[in-house]
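Subject: Structure handover

Hello,

Here is the structure you asked about. Please open it first, then read my notes below with the model on screen.

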Amino acid sequence: HAVALSTFTVDQRRLEFDAKIQRSMPDGRTVVDTVSVVEDQVVRWQGGSYAYRVSPELSIGLSLFYSVSRMSHGEERMHFTVAGAPEGGEQPTLRPDSRRAPHQVWNAVGRLGILYAVPRYRVGLMVQPPSVHLRGRAKVRDRVVRADALDDTSTGSFTEASDNNVRAEEPFPWEVRVGFAYVPTSDFTLTFDGAFYGPDGSAEDPVRAISGRRYIESAGRAARVGAFG
């Protein structure tokens, strides 16, 4: 018999994206569009494992993990228009747009492993069924500002939509791993490993990372996650 406790980081990444498009229109206006995206994600597993040696050649193990996925998504967009001439054409317009969508997802993940080993050969198999969704929560907030310059006056508006109780999910598909090792001598080993993964959702039932946003009366719409979220 063997018992183990483990904690490890399955995935950790950071995405940064920044773009700017500036155009000169036929009527003399200059239009500038910018977008900046920053996204951080970390997935950690914690759990226990139990293994039993059925015979000198065959061992079986079972693991159960508690998975926590944390993601922070931020998106800043801006649309800016400058009139070509004061006496005509569209007046300067500024439209900043800020969006935030941090969320956490908790899943349960199980794995079954089998190892068969003889002096020169070893074969291993790991089977992981689809994860079980425990809970997931997201906070979605977006703010939109619009300002227009009209001769010697200006107008503007500010809209905010915030929802702190949105459903979030990030499932793990089924996975099968196969490993083979050949050990002809004590100082040489030849190995082969293969992994097969199931799909994340389907066309009929797609995975929705953030869903169930409610209608915000003051904003006249639901909070928006962002074009890249």
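**What I found**

E160 is partly exposed, with a relative accessible area of 32%. Here, buried means under 20% relative accessible area, exposed means over 50%, and partly exposed is in between (1.4 Å probe, protein chains only). The partner of E160 is R143: their side chains form a salt bridge at 2.9 Å, N to O. A salt bridge is a side-chain nitrogen of Lys or Arg within 4 Å of a carboxyl oxygen of Asp or Glu. R143 sits in strand 7 and E160 in strand 8, so the pair ties together parts that are 17 residues apart in sequence. R143 is partly exposed too, at 36%.

Some ground rules. This is a predicted model: local features need pLDDT of at least 70, side-chain atom pairs count only at pLDDT 80 or more, and totals for chains, interfaces and linings use all residues. Residues are numbered from 1 along each chain as its sequence is written, and side-chain values use heavy atoms, with hydrogens and water left out.

**The chain as a whole**

The chain has 13 strands and zero helices. Both are DSSP runs, numbered from the N terminus: helices are H or I with at least four residues, strands are E with at least two. The radius of gyration is 27 Å, well over the 17 Å that the globule rule gives for 229 residues, so the chain is more spread out than a compact globule. That radius is taken over C-alpha atoms, and the rule is 2.2 Å times the number of residues to the power 0.38. The C-alpha trace spans about 90 × 40 × 30 Å along its principal axes. Buried residues make up 28% of the chain.

How many residues of strand 1 are buried? The count is zero among its 23 residues, 2-24. Strand 1 pairs with strand 2 (residues 30-53) in the antiparallel sense, over 22 bridges. Strands pair if DSSP finds at least two bridges between them. A2 stands opposite A51. Five residues lie between the two strands, and G28 takes a positive phi near 95 degrees in this hairpin.

**The cores**

The largest nonpolar core has twelve residues, including A101, V140, V166 and I210. Such a core is a set of buried Ala, Val, Leu, Ile, Met, Phe, Trp, Tyr and Cys residues joined through side-chain atoms within 4.5 Å. Strand 7 (132-150) and strand 8 (153-168) each give two or more residues to this core. Strand 8 gives the largest share, three residues. A second, separate core has five residues, among them V43, F65, V109 and F172.

**More salt bridges**

The whole structure holds 13 salt bridges. One of them joins R100 and E76, at 2.7 Å, N to O. R100 is in strand 4 (residues 93-100) and E76 in strand 3 (residues 58-82), so this pair ties together parts that are 24 residues apart in sequence.

Another joins R224 and D142, at 3.7 Å, N to O. R224 lies in the segment after strand 13 (221-222) and D142 in strand 7, so the pair ties together parts that are 82 residues apart in sequence. Is D142 buried or exposed? D142 counts as buried, at 0% relative accessibility. R224 is partly exposed, at 30%.

Best wishes
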